[in-house]
Amino acid sequence: MVFDIFSDSTTVNILGSELSLGSIIIGIIIMIVGVTIARVVSTVFKKYFAANLPDNTAKSLHKLIYYGIIIISLLAVTTSQGIDLSGLMVAGGIFGIVIGFATQSVVSNAISGIFLMFDRPAKTGDLIEIKSSNIYGRLMDVTVFSTRIRMFDGSIMRVPNEKVFTSEIRNVSGSEVRRIEGIVGIAYKEDVDQAIEIIKKSVAKNPYILREPAPNVWTEQLADSSVNLKVLTWIPRDEWDHVGPVLLKNIKKDIDDAGIEIPFPQRTIWYGEPKKPKGETP
Amino acid sequence: MSTSNFQSSTANEHTDFGKYILRDKLSLNLPNNEIICTRLNDTSFSYKRDSQETDPVKKVIHSQTADFEIGLMPLLPIHVPSYKTDFFFMRFTEQMYISQHSVAEMLISFPIDIGVFLVENDKAGLLDSFSCDMTNSRFALYGPPDNGKLCKYVQIPIEDQSVQQPFVHTQIKLRIANELDEGVMVGKIVFPVTDHKLYYKHSSAVMDGLTATIKSRIGVTVVDTVQNPISGIEGWMQALRDVQVTDYKFSMEKGFD
């Protein structure tokens with residue numbers, strides 16, 4: 001047995017070491033002091049130094065400082081008590097194999113979390129998309145085991161780190177601008193050049209659409225019912241809400257005002273004359 | 001700083017930049033915009049701006065003091081439609097050829113935004129910012145999409161500088177120096193506009209000058225842009241601002257044609 005507590009009234013046997021109640025109390029005091037120091041140091045770091053660091057780095061360092069001091073305190077406690085950890089190592093070896101199988105996914109997530117902190121495919125606040133999981137939202141935090149993403153409906157999605165690490169991540173906040181695309185179909189009888197000119201003027205009215213690179217419109221496809229024009233515009237990366245929902249609406253309004261037809265699929269059905277039996281008179 | 005009092009409810013047809021005391025009602029007329037402030041009680045007043053280009057803006061303002069002091073100021077043109085960048089992109093409608101070891105100097109019309117401040121105890125809080133020329137308040141990217149810099153944008157006609165409207169434009173002295181051994185075409189200048197200060201007098205505004213030096217740095221042609229503090233403008237007042245004065249070390253390394 002690893003712990004043989006209260007084998008006599010004044011001492012405790014831990015990993016084969018006889019510890020007095022006094023030394024245990026000292027160990028507890030060391031631990032309490034360690035936790036207090038960890039909290040004070042990490043709070044001071046957060047208050048005075050974190051502001052000058054990138055958000056993600058600050059959070060990682062904050063955790064590293066806090067848990068680092070806790071671990072050092074724990075080691076100080078075991079050293080002060082003269083506890084021989086070699087017994088724990090042997091027991092831990094066998095126990096570790098059992099635990100290892102049982103907590104495979106937990107360990108996998110933890111290691112993935114560490115890799116994510118080094119790899120940093122995105123930083124806190126970035127807009128990211130995990131395509132395989134169909135998740136699109138703002139990165140809140142990368143913890144040891146999971147990544148938290150705030151979705152656009154206000155909910156928070158917790159994704160295991162292993163899944164994030166092994167998935168393709170699209171970071172929309174990687175540059176200062178992003179592109180918005182749309183397709184506008186016009187009737188075959190319409191003048192394509194005139195339609196392109198109207199669409200360009202229409203998108204230029206939106207104050208968030210960049211003048212350079214200029215909006216671009218071209219013929220994308222000669223489709224079944226319409227000539228499809230592709231519209232590409234650049235906007236500041238966080239301004240999708242001011243452009244995305246109204247881009248096509250405004251284009252349609254201006255195209256309608258110009259009298260250009262936006263067609264829809266039509267099917268002409270011919271009714272055949274029923275065959276009449278020979279000799280029958282109408 | 002001059003202070004004008006307006007107690008009448010009639011619109012003032014000759015609004016100037018400056019500070020105003022709100023007694024009961026204050027009306028300020030600007031191109032495409034009309035501002036009306038109405039005292040509600042000893043600690044608050046209503047602010048309303050009607051614009052021909054955007055939806056009306058209505059706010060209720062609470063103040064520490066009963067003497068409401070309102071500042072109408074020229075602002076750096078980075079506030080409208082929203083503050084996103086400290087940088088400004090000037091695209092010249094005609095390219096300029098600057099021959100080797102020469103300097104081109106010109107006065108150009110540069111856009112401004114308008115800021116309405118509440119001034120109390122020597123502190124100023126921005127209540128509203130707008131442009132009297134919304135249709136030309138736009139963004140652009142300097143450089144490629146993956147690592148370019150987002151800037152506010154304006155097209156500047158070099159040939160015709162007669163277009164200068166009060167409350168829409170300020171004047172800026174632009175100096176382009178070519179230190180290269182060959183002539184170059186210049187089509188755009190990008191610079192950190194927050195380095196610059198604005199000054200006003202009546203309805204006019206001027207801004208610190210800008211020097212763009214075309215030089216070669218480790219084999220790459222770049223343009224260093226540096227702000228030139230304006231001098232000799234007695235009687236002009238420095239405008240209030242809500243963005244800190246910066247001191248960027250900026251070089252255009254991604255082209256200037």
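Q: How much area do chain B and chain A bury between them, and how is such a value read?
A: The size of an interface is often expressed as the accessible area lost when the parts come together. Buried area here is the accessible area (1.4 Å probe) that two parts lose on being put together, summed over both. In this predicted model, chain B and chain A bury about 1500 Å² between them, with 55% of it on carbon and sulfur atoms. On the chain B side, R138(B), F139(B) and P145(B) lose the most area to chain A, together 37% of what that side buries.

Q: How many residues of chain B are in contact with chain A?
A: Contact means heavy atoms within 4.5 Å. By that rule, 17 residues of chain B touch 17 residues of chain A.

Q: How many salt bridges are counted between chain B and chain A?
A: A salt bridge is a side-chain nitrogen of Lys or Arg within 4 Å of a carboxyl oxygen of Asp or Glu. The count between the two chains is 2 salt bridges. R91(B) forms a salt bridge with E212(A), where the closest N and O atoms are 2.7 Å apart.

Q: Which domains does the assignment give for chain A?
A: Domain bounds come from an automatic or database domain assignment. For chain A it gives domain 1 (7-101), domain 2 (119-174) and domain 3 (177-257). The contact between domain 1 and domain 2 takes 6 residues from domain 1 and 8 residues from domain 2. These two domains of chain A bury about 510 Å² between them, 32% of it on carbon and sulfur atoms. Across their interface the rule finds 1 salt bridge; the side chains of D141(A) and K63(A) meet in a salt bridge at 3.8 Å, N to O.

Q: How many disulfides does a search of the whole structure find?
A: A disulfide is a covalent bond between the sulfur atoms of two cysteines. The criterion is a pair of cysteine sulfur atoms within 2.5 Å, and the search finds 0 disulfides over all chains. For C37(B), the nearest cysteine sulfur, that of C132(B), is 15 Å away.

Note on methods: Residues numbered from 1 in each chain as written. Chains lettered and ligands numbered in written order. Predicted model: local features only at pLDDT ≥ 70, side-chain atom pairs only at ≥ 80, totals over all residues. Heavy atoms only, no water.
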